[in-house]
Amino acid sequence: MKDPTFDRSLVELGLVSDIVVNGSELALTIRSSVPSDAHKSRVETDVRAALASLSTDALTVAVTWDLQVPMRTLTGEDPVPGVKNVILVMSGKGGVGKSTTAANLALALKQSGARVGLLDADIYGPSVPTMLGIEGHPSSADGVHIEPLERFGLKLMSIGFLLDDPKAAIVWRGPMLHGALQQFLKDVAWGKLDYLILDLPPGTGDVALTLAQKVKVTGAVIVTTPQEVALQDVYKSVSMCDKLSIPILGVIENMSFFIDSAGVRHELFGKGGGQLIADFAKAPLLGQIPMEMGVREWGDKGTPIVQAAPQSDAAKAFVAIADALTTRIAVDSFQRSGGTKAPASSGPTRLKIVR
Ligand SMILES: Nc1ncnc2c1ncn2[C@@H]1O[C@H](COP(=O)(O)OP(=O)(O)O)[C@@H](O)[C@H]1O
Ligand SMILES: [Mg+2]
């Protein structure tokens, strides 16, 4: 039985534990480095098939999943030491769907069992309050740490929560902006998270620079639309990541195509842009998101489409992208360990056979 993420034997990697046999019932725990339902069902199918071939009697198999995503490298004064992965969602340009992507990715990760936070780093044009349908002021129990708000199980922070009128424009100079962002990392009680997604403002120069100095991020995902105009701006964000040594985890092409009511596919903004950027960034194209009315409508209503309409093509595309992204993070970390070490279990393993 292989772990499909690492393409190595589950048992050799030490990912199977707590095996309990009770008559015809078998329970076991399998550790996974990716919060992916597709991964889980693949492994469970393989495990059931392997066990069925060993026994002539019908076995019931109960799998418990132990999710242990890899940990990024911490800096000496890391502002968020309890956060295993910090992921930047960026692009050179506004309106390509960064905020939509950040919110839906966060929800897709949450739905498959990860602990997730979403930080709206777009100080000038916060989207999280609208997209997640949440208003209100965060509280502080100790006068130092700010409690993030919570919605759909996500921990959320946005400058919009601190303003009396979330739609009011803020006129801030650079240093204030940097200060606010640092505070959002350091002073927000994020607690233990598997993934903290940062929705960056467009034209990310300053913001990304500040972040890169303070926290070692897992990497960035670049959002683009397929058309040429958007591309020039996106190339700039790729070069900036290179300069700041921020790994590019992948590229997401949004508004890739539109399927009309007759089922005909239209490439409204041209095609191939996402792949071009991915090639330029030497990173994978993580996926393509169709243009769908529901994406905008649900976003405006405060329930992102992954939550509101999980059966839609767009929601499925976001889930597949979340899987591809977390797989990439897990595989990168596995390769850095020399291809031998999957993230360890946080609890003791035991082998217990009951007859
Ligand atoms: N795939 C999509 N289909 C339809 N509308 C979309 C899609 N992606 C984004 N939108 C809409 O486009 C607008 C801009 O998206 P947004 O996520 O705010 O972009 P950005 O954060 O890059 O400025 C929003 O109204 C959003 O609902
Ligand atoms: Mg935005």
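Among contacts in the protein chain between residues at least 6 apart in sequence, what percentage join residues at least 24 apart? In this predicted model, the share is 76%.

The overall picture comes next. The protein chain contains ten helices and 15 strands. Its radius of gyration is 21 Å, close to the 20 Å that the globule rule gives for 355 residues, and the chain is therefore as compact as a globular protein of that length. Taken along the principal axes, the box that the C-alpha atoms fill is roughly 70 × 60 × 40 Å, and 43% of the 355 residues count as buried.

The chain is divided into two parts, domain 1, which covers residues 2-67, and domain 2, which covers residues 83-336. Their centres, taken over C-alpha atoms, are separated by 33 Å, and the contact between them takes nine residues from domain 1 and eleven residues from domain 2. On the side of domain 1 that touches domain 2, the residues divide by class into five nonpolar, three polar and one charged.

Ile277 is found in helix H7, which spans residues 273-281, and Ile277 counts as buried because it has 26 C-beta neighbours inside 10 Å, where 20 or more are needed. If residues up to four places away in sequence are left aside, Ile277 touches Ile222, Thr224, Leu231, Val234, Val238 and Val251.

Ligand 1 is surrounded by 17 residues, of which the closest are Gly97, Lys98, Ser99, Thr100 and Arg296. The elements that give two or more residues to this shell are helix H2, residues 98-111, and helix H8, residues 293-301. By class, the shell around ligand 1 holds six nonpolar, eight polar and three charged residues.

The average pLDDT of the protein chain is 88, and 92% of the residues score at least 70. Over residues 349-355, however, pLDDT stays under 50, and for this stretch the model has twelve contacts beyond four places in sequence.

Methods:
Residues are numbered from 1 along each chain as its sequence is written. Chains are lettered from A and ligands numbered from 1 in the order in which they are written. This is a predicted model: local features need pLDDT of at least 70, side-chain atom pairs count only at pLDDT 80 or more; totals for chains, interfaces and linings use all residues. A residue is near a molecule or strand if its C-beta atom, placed from the backbone, lies within 6 Å of it. Helices (H or I, at least four residues) and strands (E, at least two) are DSSP runs, numbered from the N terminus. Ala, Val, Leu, Ile, Met, Phe, Trp, Tyr, Cys and Pro count as nonpolar, Asp, Glu, Lys and Arg as charged, and the others, Gly among them, as polar. Domain bounds come from an automatic or database domain assignment. Two residues are in contact if their C-beta atoms, placed from the backbone, lie within 7 Å. pLDDT is the predictor's confidence in each residue, from 0 to 100. A residue is buried if 20 or more other C-beta atoms lie within 10 Å of its own, exposed if 12 or fewer, and partly exposed in between; C-beta atoms are placed from the backbone. The radius of gyration is taken over C-alpha atoms; the globule rule is 2.2 Å times the number of residues to the power 0.38.
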